[in-house]
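Here is my note on this model, point by point. Please read it with the structure open.

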Amino acid sequence: MGKEGGCGQNKTMVKQEQELANRPDNTAFTQQRLPAWQPMLSAGIVIPGFVIIGLAFIGIGVALFITSKNIQVMEMDYTGFEPDSDCFKCSNPEEKNCVCQLDFNISSRFEGPVFFYYGLSNYFQNYRRYGVSKDDAQLSGDLDNFKSPSDTCSPYDTDGIKPIVPCGSIANSMFNDTFLLYREVNGTNELVPLDGKGIAWWTDYNVKYRNPNVTPLKEAFEGTVKPLFWPRPAYELDTSDPNNNGFINQDFLVWMRRAALPDFRKLYRRIAQGDYARGLPAGNYSLKIAYNYPVLSFQGRKKVVFSNVSWMGGRNDFLGIAYLVIGSMCVFMSIVMLIVYAKFKFPEED
Amino acid sequence: MPLNLFEQFQRIANAYFLFLLVLQVIPQISSLSWFTTVVPLVLVLTVTAAKDATDDIVSKLRGEKWMNVQVGDIIKLENNQFVTADLMLLSSSEPLNLVYIETAELDGETNLKVRQALTVTGDLGEDVEKLADFNGEVRCEPPNNRLDRFMGTLTYAGQKYPLDNEKVLLRGCTLRNTQWCFGLVLFGGPETKLMQNCGKTTFKRTSIDRLMNVLVLCIFGFLAFMCTVLAIGNCFWELNEGSNFTAFLPRQDGNEATFSAFLAFWSYVIILNTVVPISLYVSVEIIRLGNSFYIDWDGKMYHAANDTPAEARTTTLNEELGQIQYVFSDKTGTLTQNIMTFNKCSVNGKSYGDVFDSTGQRLEVDFSFNSLADPRFVFHDHSLVEAVKLENPEVHAFFRLLALCHTVMAEEKREGELFYLAQSPDEGALVTAARNFGFVFRSRTPDSVSIVEMGRQRSYELLAILDFNNVRKRMSVIVRSPEGKLSLYCKGADTIIYERLHRSCSKLMDVTTEHLNEFAGEGLRTLALAYKDLDEEYFNGWKRRHHEVSTSLDGREGKLDELYEEIEKDLLLLGATAVEDKLQDGVPQTIELLSKAHIKIWVLTGDKQETAENIGYSCNLLREEMNEVFVVSGNSPEDVRQELRSEVSPIGKCFPSHPIHFFVLIRGSELAFLRLACLCKAVICCRVTPLQKAQVVELVKKHKQAVTLAIGDGANDVSMIKAAHIGVGISGQEGMQAVLSSDYSFAQFRFLQRLLLVHGRWSYLRMCKFLRYFFYKNFTFTFVHFWYAFFCGFSAQTVYDEWFITLYNLVYTALPVLGMSLFDQDVNDAWSFQHPQLYVPGQLNLYFSKKAFFKCALHSCYSSLVLFFIPYAAVHDTVRDDGKDVADYQSFALLTQTCLLFAVTIQLGFEMSYWTAVNTFFVLGSLAMYFAVTFTMYSDGMFLTLPSAFPFIGTGRNSLNQPNIWLTILLTSILCVLPVVTYRFLFIQLCPTINDKVMFKVRQAKATPPPPPRRTRIRRTSSRRSGYAFSHAQGYGDLVTSGRFLRRPALPRSSGFSHAGRTTTSFSPMGRSAGYSPTGRPQNAKVSDVEVTSLQMYKTIRDPAL
């Protein structure tokens, strides 16, 4: 009897299970009951949040602003646009191998390490078709692309007969003014040593740009011509240091890292050797410029910049001011919100 | 093959991608690498293919089973089978070739109908060979949608026989109480009257879809505008700057500024194409699919009784469920169960029915004393049984009346196993009640009615049936008892009966009126019962006159009415019955909730006005406070127009009643009707044909610009289900027509509230949030390019790394927004029900509209300005902390894209109001993914593998280690978000929306859902009384007295009180006796078996005394 009853129960259970075969799973996910955090823009969060953000921003802003103000920057235009400038004589494109001089005075010590930049204005390194005018494979040392550069380099892919290496507009337009800095010590000009090592990104020098594995390097360039604007071929860019030639020349690398905006400056040298490691002492200086690079045709400007840096990089007042302004606005808005909240707090009934 | 929206857009999207690809292979134009376009294209194609594949599988699974039926076939139907084609009836198992059919699927009417085959075909019987040899020719009208008319002729053996509606079974009917029948297929498939009534299948799209199409067109225009501006800029730049810059960037294609501008235009089309949300369509489909699955999975929309889960049959309409303004509901089978139960009664001034014991439990009455009782009949008042047993004469007279005064036919296939065949479900319920209380109607002959009266077999001589019709609203029988007493028993609408009562009843009338009011207040259908003893002499005179009138030729009906009127007077009131037209569970609550959500509910039914009105009250659609009930029931077009024109109070209901004139109405003065109907709080349209249902829906769609939903269960609802924006079918029942053409289906009307107020609302909310955010993130992304154009000589230089452009939509921002669109909810379902007003913003299109879109665009504009100019100002003249370059293009690109990603992710955080673990994982995971992918792409290894594809080598390492870069990212992120937070906070404080208020309230209540609303029984004190829902047509009286039914040999009688032999299992599940249901569903269901009690003993003792 008991056995039978058990059987019957089993049967009914089986039957029930079969009948409810379509019952949906009762899980938190299928029933949309997943536990969740439901934040809300309540006064208790928003107003203190604004105060905290505001105060934090004001703090950061003050720090940034003071830091920025302590960074020394000296900019000098040497385009030769004004007739009374020494470089005016060189601004004529007909003038070859022109050298001009820029004299300046530093009133108090320029704290080191000092970085020496050249700057260009109204220069569109970010123009798309300028930017693509290079051959990445060639620049990473692929000899095949020495013989037949990529189409993207056109019209600086060949001179008509021989391929150009490095090809393309960027390489062709490499900045080629050179500078010598003299300090007037006891009436004589003392050459300030300029360090050109390690001014490019480590990755550019060690990974991205490679010379072909050919020694001497010159042989790799057999059958190619130098870019039209260049005075010397790539393998002779730095006669003083054989490791600074070809595509891994520091100045070349700095130039090839094209600027995001039409007014830019690029690192030329560091002043970090000998006595000058601590900075440039006060005094008179003169800069001898080998003026080669034409910019006046497109209303461009050239300048030199001396600057030191801090933890936040170069001098930039904007960031500090922006933090201060936004921080103050946050505090102000928190007060406005508090007033609104106290006065218009939405009715809780209903 | 129907073109679906997705496919159409797929084609446009493919063409667009192809066009972009073509542009990209032109070197002068190509501003982006090919993979930025190909990767999304491959993804879109994959998703499409997957969706198509699943759709194919689904459609294969849904093949129809009766596709092979062809015109001229002869098919055999068995009891309770669904008629699948329009048939000419050939023969049947029943006497006189009759068949009984239920047409609720077809026209919503609940009573059984009779069809009769021609005698010439009826003789073929069951003989398959004869049937196969049957060689006749049928000529008939062409396929049409008139359900009430059929004309044709059958030519057989040289003779012509006329065919009319009475000889035809239409698709959609169900065979009842008929063992088998044979029919000849006249129309099949789309030619059947039912399918002709189904209306066109149109491809449905949501209002969001339509808005999106408009917006996409606008966006194309906007794209062209931006590109034109930039092309003109390029032209000027070339003239002023570029032409002088030739020393470093020579012009290969001459120095034409205009040509350069032309190229720039197309280059910018490529770069700015991300404003055109092509991938949006894919995401929208995925979100809708996900939200459809939630409907399929919802345990609270699963009906365990018939194991039917809800089903989203269309996966493209979800958000429209959150915008419904009008619900059109069928009545029979949707609001009601189509089951009548005898619930209460009032006998001689005493009310029986609702009795609760001390614990509040309702006790079931034990009918085991009566072996002929229907075990499924349930009654809750024991005192009535006691009264019967104590031989209370009024109670006995009451049930005797119920057992005698009807046109039901009994069938006793086995001893003690009674089946009642009733024309209307009410009658079945009443006769079953009498049966259980010991007055068992057993059989009838043309001139006698046999009942077992408290165990005694008694045969009453049936002298006359004064049949029911719509004007009389009552029926009477005149019988002679075995003792020879002549009596007239009458039942009918209370108002009618009251007019004919004897003066002496006035006190009883007052008490009974009170009871009737009480019953009517509970939405029960009431009926008054009265009787009168007749004088033999008078009756003989009356009978003679009756005979004369019956045989007279002119004015017979009028004279008959006069005669009936004469004898049905000075009646003595016995009491009143209350029959419940059982509603589906939770219907009144659902209707109340939906109307609180500002959803207007119209009931469209093919049934009679009285029934519809009654249901209107019992399901809370009509309420007592709606005192101005407006009934449009003109019989001619002019009447209707006149009634519509007349001034009406805005509260009420209207009943365009007669189908033919309603047609005219639709054509003639549809606007007047609509204006009136929309003023009304509730609208019930009765006696509408299936096609008219669709026309009403179309009317509202067309003139009110409102989103409509139609819900129904039967084939007669298919047309409106197809016509409405959303069609819902009630599933789990016999007919599948409605479900097959519906967009959503579930088993119970009450699930509608969950579909709309929970799933619909959430879907709408999610979709709108998704769209707003999607547009925001893509516009912001794109506008930064626009600003950069002014600083790069309009050269179509991108701001970001190409890999970032490729992966931004697909990898970095896809999952967080998808997570939001699948999981977000403002308040949970319990609160949604608690505050149905939360549904209103959807109806008003508040969350996503052109205005909201414009706001998104402005917001994007602001964000993009911040995202471009803050990094610009922060890095343009700065360097790294080791003096090296950081204002180079690649570092700037990395900085801007990182700022962008942080800004849009934080923005998403503010959009999202429901952070599940999945959401958090998606958001943080996507950011982590960004850095992982970025550092991988910028790694030495990737560069060495493919130098030209990964030129950004080292950028990550060299710039993301700078504090000022991170300070810039922090600044832009905060600056993008602050105004939004401020605006929202102030907005919540100054003019909070209903959502804000409810969310605030939820917070206060610590997210514990409110106590479930008490399910109060809706009680009204009503002066209105429901009418008796006899069939609209003339009753069966003639048929009963003619004796045509009674060929089947009656079973030998025995005493109804054999105590041993009753077995509950012997009842077939389809037997229809207790609580009559034409669909054969169990009603008044009794769960536990009946116990033997002392009552039985009492009976046993009484028996010998007989």
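1. A salt bridge here is a side-chain nitrogen of Lys or Arg within 4 Å of a carboxyl oxygen of Asp or Glu. Arg500(B) makes one with Glu565(B), with 2.4 Å between the closest N and O atoms. The two residues sit 65 apart in the chain: Arg500(B) in the loop between helix H13 (494-499) and helix H14 (506-521), Glu565(B) in helix H16 (residues 556-567) of chain B. Helices (H or I, at least four residues) and strands (E, at least two) are DSSP runs, numbered from the N terminus.

2. Keep the ground rules in mind. This is a predicted model, in which local features need pLDDT of at least 70 and side-chain atom pairs count only at pLDDT 80 or more, while totals for chains, interfaces and linings use all residues. Residues are numbered from 1 along each chain as its sequence is written, chains are lettered from A and ligands numbered from 1 in the order in which they are written, and side-chain values use heavy atoms, leaving out hydrogens and water.

3. Is Arg500(B) buried or exposed? Buried means under 20% relative accessible area, exposed over 50%, and partly exposed in between (1.4 Å probe, protein chains only). Arg500(B) is buried at 12%.

4. In one of them, the side chains of Arg288(B) and Glu319(B) meet at 2.7 Å, N to O. Arg288(B) lies in helix H9 and Glu319(B) in the loop between strand S11 (311-312) and strand S12 (326-329) of chain B, so the pair ties together parts 31 residues apart in sequence. Arg288(B) is buried at 1%. Glu319(B) is buried too, at 0%.

5. Look next at Arg984(B) and Glu911(B), a salt bridge whose closest N and O atoms are 2.9 Å apart. This pair joins helix H35 (residues 963-990) to helix H31 (residues 889-911) of chain B across 73 residues. Arg984(B) is partly exposed at 25%, whereas Glu911(B) is buried at 9%.

6. A cavity is a set of points, on a 1 Å grid over the protein atoms alone, where a 1.4 Å probe fits but cannot get out; lining residues have an atom within 4 Å of a point. Grid points are joined across faces, edges and corners, and a volume is the space filled by probe spheres set on the points. The structure has 18 cavities of 30 Å³ or more.

7. Where does the record put the "binding site" feature? An unreviewed UniProt entry places it at Asp330(B), Thr332(B), Asp713(B) and Asp717(B). These residues span 388 positions in sequence, yet no two of their C-alpha atoms are more than 10.5 Å apart, so they gather at one spot. Such annotations may be inferred rather than shown by experiment. Asp330(B) is in the loop between S12 and strand S13 (336-347) of chain B. Asp330(B) is buried, at 1% relative accessibility.

Methods
1 Å grid on protein atoms, 1.4 Å probe; cavity = no way out; pocket = protein on both sides within 12 Å on 5 of 7 lines; lining within 4 Å.
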